[in-house]
Amino acid sequence: MYRLSLTHLAVELLTIVLSDGVRWALVKVNLSKLLTRWVSSHLALYSPVKVACLQLGLAEFALANNVLQLIYGQGLVWLGILFCPLLPLINIFKLIVLFYFRAFAVYFFNRPPNTLFPVASTKNFYMALLTLTLFLCTLPMCYTIAAIKPSNECGPFRNLTTMLQIVSNVIAMLPSGPRSVLKFVQTSAVLVPVIVVLW
């Protein structure tokens with residue numbers, strides 16, 4: 001998971017440099033006009049190529065794509081936090097680097113979009129996508145905690161059948177008052193209404 005996060009950072013940085021940076025350099029050097037002239041004189045029949053060359057300008061900042069990249073990075077952290085305890089720290093570093101790099105790229109390499117971003121209509125979509133990502137990342141983690149036998153050689157859960165067994169061991173060591181309260185909270189009479197209210 002560490003490598004995946006760092007690879008995601010490297011791919012993001014390279015994408016910004018190779019797509020927006022190279023396009024900015026082409027526009028600033030006026031290479032797009034030279035390319036358009038060459039296409040006009042040599043490839044007069046290929047109008048889609050000519051149109052593409054004429055439209056070459058600074059790229060618009062793709063807000064939707066950047067939001068989806070943030071959701072992907074957050075999903076990586078949620079999925080790997082059980083197995084890689086330093087993953088949130090690496091993600092914080094990654095987000096700081098990407099924030100300043102994207103801010104620089106937006107300031108120098110991008111132009112404002114022609115239409116405003118529809119915040120009101122897409123806010124619910126992004127929140128639903130983030131919730132779905134959290135749910136899908138929680139499922140394998142819950143399965144790992146409840147069903148897979150931990151390592152016998154190392155770790156805080158060695159010599160246990162599952163990671164979840166430590167909860168029952170701690171509850172068994174409590175005095176009878178708190179133990180009966182926790183056993184009542186674990187019943188379906190409490191859990192089902194709580195899940196319905198949270199849903």
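Let us begin with one of them: Phe-104 and Phe-108 make a tilted pair, with 4.6 Å from centre to centre and 50° between the ring planes. Why are these two residues about one helical turn from each other? Both sit in helix 5 (residues 87–109), and they are separated by about one turn because they lie 4 residues apart. Phe-104 is partly exposed, at a relative accessible area of 42%, and Phe-108 is also partly exposed, at 38%.

With Phe-109 it forms an edge-to-face pair, 5.8 Å centre to centre and with 85° between the planes. Is Phe-109 buried or exposed? Phe-109 is buried, with a relative accessible area of 13%, which means that it falls under the 20% limit for burial. Taken together, ring pairs join Phe-104, Tyr-107, Phe-108 and Phe-109 into a cluster.

The chain contains 9 helices and 2 strands. Reading from the N terminus, the order of these elements is α-α-α-β-α-α-β-α-α-α-α. The chain has 199 residues, and 20% of them count as buried. Of the contacts between residues at least 6 apart in sequence, 64% join residues at least 24 apart.

The outside of the protein deserves a look too. Which residues form a nonpolar patch on the surface? They are Leu-164, Ile-166, Val-167, Val-170 and Met-173, which together have about 440 Å² of accessible area. To find your way there, look for Ile-166 in helix 7 (residues 165–173). Ile-166 is partly exposed, with a relative accessible area of 31%, so it passes the 30% cut-off that patch residues must exceed.

Finally, how far can you trust what you see? The mean pLDDT of the chain is 81, and 86% of its residues reach 70 or more. Where pLDDT is low, predicted coordinates should not be read in detail.

Key. Residues are numbered from 1 along each chain as its sequence is written. This is a predicted model: local features need pLDDT of at least 70, side-chain atom pairs count only at pLDDT 80 or more; totals for chains, interfaces and linings use all residues. Side-chain values use heavy atoms; hydrogens and water are left out. Rings of Phe, Tyr and Trp (its six-membered ring) pair if their centres lie within 6.5 Å; planes under 30 degrees apart count as stacked, over 60 as edge-to-face and the rest as tilted. Buried means under 20% relative accessible area, exposed over 50%, partly exposed in between (1.4 Å probe, protein chains only). pLDDT is the predictor's confidence in each residue, from 0 to 100. Patches are made of residues with over 30% relative accessible area and no salt bridge: like charges are joined within 9 Å, nonpolar side chains (Val, Leu, Ile, Met, Phe, Trp, Tyr) within 5 Å. Accessible areas come from the Shrake-Rupley method with a 1.4 Å probe; for residues, only the protein chains shown count as cover. A salt bridge is a side-chain nitrogen of Lys or Arg within 4 Å of a carboxyl oxygen of Asp or Glu. Contact means heavy atoms within 4.5 Å.
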